[in-house]
Amino acid sequence: MKRILGAGLGLLLAGGVMPVAAAAEPAAVSGIQWHGCQNGSEDEEGTELDRAGAQCGELAVPLDYRRPDGPKIQIAMSRLKATGDRIGTMVLNDGGPGGPGLGMPVRLRAAMQETGTRYDLIGMDPRFVGRSTPLDCKWPVGNGVWAAGASRASFERGVRLQADLAKRCADNQGALLPYVTTRNTARDIDQIRAALGEEKISYLGYSYGTYLGSVYLQMFPDRLDRVVLDGPIDPDQYGPGLLRTVGPANEAALRAWAGWAAARDRTYHLGRTTEQVMAKVQRIYRVSSERPLRVGRHALDDNTVPLLLLTRLSDDRDPARTAAAELVQTLLKATYGPVQPSEEFGQMLDVLFGSEMSAAASAQIAIICGDRAASHNPNSYWRDIQRHRKSEPHFAGLTRNLLACAFWPSEPIEQPTRVGNAVPALIVAADGDPRTTYPQAKVLHEALTESRLVTLRNARTHGIFGEYGNKCVDRLVIDYLGSGKLPSTNRTCHA
């Protein structure tokens, strides 16, 4: 998942530079032990960080900030030091929630172009993720998001699964769960800032990282320099219901993809009109509700098919739409009998429905459950889904369904953060974002009264800067990070 949110809740790259005399270094680091990044011969991310000249380290932080002298956990991070006219330190977050961030500095240095060498770039694995005291509930699956299915029986099947996932977390990691919160992760970032000897840091976050960044700037408003929030979340929507309002945007993205596929019927043979393509999708939904579709070693039913489709709708560029077409082709063939998936699709199925990614999946859901309580009444979710079946026929059962949070063994230990202040920030959003919808960007912009909003028009994508290839957006972000000056007004770019 670049964002687990982007792909599953959805599942979800540098050259050498001769060192240049930099501006004054920060005070000596205290508490971080720096070392090489590679962790074993198969650690490609660590190898890439080492090749780029990065260092990795760990910082001990309180498990419970109410007991600062109590038990500690380790926060793992990477640092790619500035080689140019140094501006300061920038902390990076790739979203998720629960996305690891150790490898981000290499990718972001390239994306930031001439400004990239002016920052010490810090990639961190948030608490209980990746190398940072990882949390693992020992789930039998690598995904915590399931659709309700077409019938009450399939909904109840999903309810039992979510109850079991919550129980596994209680049994295996119950002592840690109360401390899996965004506010604690924000405090961890501030511990890193202090350990690095910085009075202020800059911050760049995607998706969930925009919520984490918003919480940090609300808690520590005087400790931020430059802030970029890309793919923004309305802070009041974050929690167990964070996908609840995105159904309409994904219905629109699905129809837009169907129109794209129809224009390429000679390639994909899914129909010559949007409606013909949509009819193929309807067949997949109908048959999967009657019997599981056999794809390789996996049996895909109406609890899982909507998620698979959603994972392919977070980007409107041709490679992503091609992947969606190939997925639909495979599932359509499976409505007539067992099929073998492509290697890439098979790996995706193994990740979602095997146990290898148990730690990543359970950490993601723990982060979602940690900030806000969820309704514990399954009937409330069922009623909500039924009310929206007509307007959101393909995704209401997924985006409005319950998570394991409905059975979570602990209640949030703090109230959710209310975001509202005048800390300057640059917010970047696509008007057709199917994961964190554009109205959420406007809400965050209004809450951050000194922010500027950069809108990418006519784009259905999640995550823009350095990823989507829009020169207008990239230049606005790079200029801000270089100068520290926000645009004088909100800006609009076009896909």
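**Close-up views of a predicted model**

**View 1. R67 and its partner D64.** R67 is partly exposed, showing a relative accessible area of 42%. In this predicted model, R67 makes a salt bridge with D64, and the closest N and O atoms sit 3.7 Å apart. So is D64 buried or exposed? D64 counts as buried, because its relative accessibility is 5% and the cut-off for buried is under 20%.

**View 2. A salt bridge between distant parts of the chain.** Here D301 pairs up with R157 in a salt bridge, with 3.5 Å between the closest N and O atoms. The two residues are 144 residues apart: D301 is in the loop between strand 9 (298-300) and helix 10 (305-311), and R157 is in helix 4 (residues 152-173). D301 counts as buried at 16% relative accessibility, whereas R157 is partly exposed, with a relative accessible area of 34%.

**View 3. A network of salt bridges.** R244, D384, R387, E392 and R400 are all tied into a network of salt bridges. Zoom in on one pair, R400 and E392: their closest N and O atoms are 3.0 Å apart. R400 counts as buried at 9% relative accessibility, and E392 is buried too, at 3% relative accessible area. Across the structure, there are 33 salt bridges.

View 4. You'll find D265 in helix 8 (residues 265-268). Leaving aside neighbours within four places in sequence, D265 touches L270, G271 and R272.

**View 5. Helix 3, mostly covered.** Of the 8 residues in helix 3 (residues 104-111), 7 are buried. Among them are M104, R107 and R109. The buried residues pack against several elements, including helix 2 (44-52), strand 3 (72-80) and helix 17 (471-483). After the helix comes Q113, with a positive phi near 50 degrees.

**View 6. Inside the largest cavity.** This cavity holds about 80 Å³ of space. Its lining is made of 13 residues, and T181, R183, D371, E414 and Q415 lie nearest the centre. Helix 5 (182-195), helix 6 (208-219) and helix 13 (358-371) each give two or more residues to the lining. By type, the lining splits into 5 nonpolar, 5 polar and 3 charged residues.

Technical notes:
Residues are numbered from 1 along each chain as its sequence is written. This is a predicted model: local features need pLDDT of at least 70, side-chain atom pairs count only at pLDDT 80 or more; totals for chains, interfaces and linings use all residues. Side-chain values use heavy atoms; hydrogens and water are left out. On a 1 Å grid over the protein atoms alone, a cavity is a set of points where a 1.4 Å probe fits but cannot get out, and a pocket is an open set with protein on both sides within 12 Å along at least five of seven lines; lining residues have an atom within 4 Å of a point. Grid points are joined across faces, edges and corners, and a volume is the space filled by probe spheres set on the points. Helices (H or I, at least four residues) and strands (E, at least two) are DSSP runs, numbered from the N terminus. Ala, Val, Leu, Ile, Met, Phe, Trp, Tyr, Cys and Pro count as nonpolar, Asp, Glu, Lys and Arg as charged, and the others, Gly among them, as polar. Buried means under 20% relative accessible area, exposed over 50%, partly exposed in between (1.4 Å probe, protein chains only). Contact means heavy atoms within 4.5 Å. A salt bridge is a side-chain nitrogen of Lys or Arg within 4 Å of a carboxyl oxygen of Asp or Glu.
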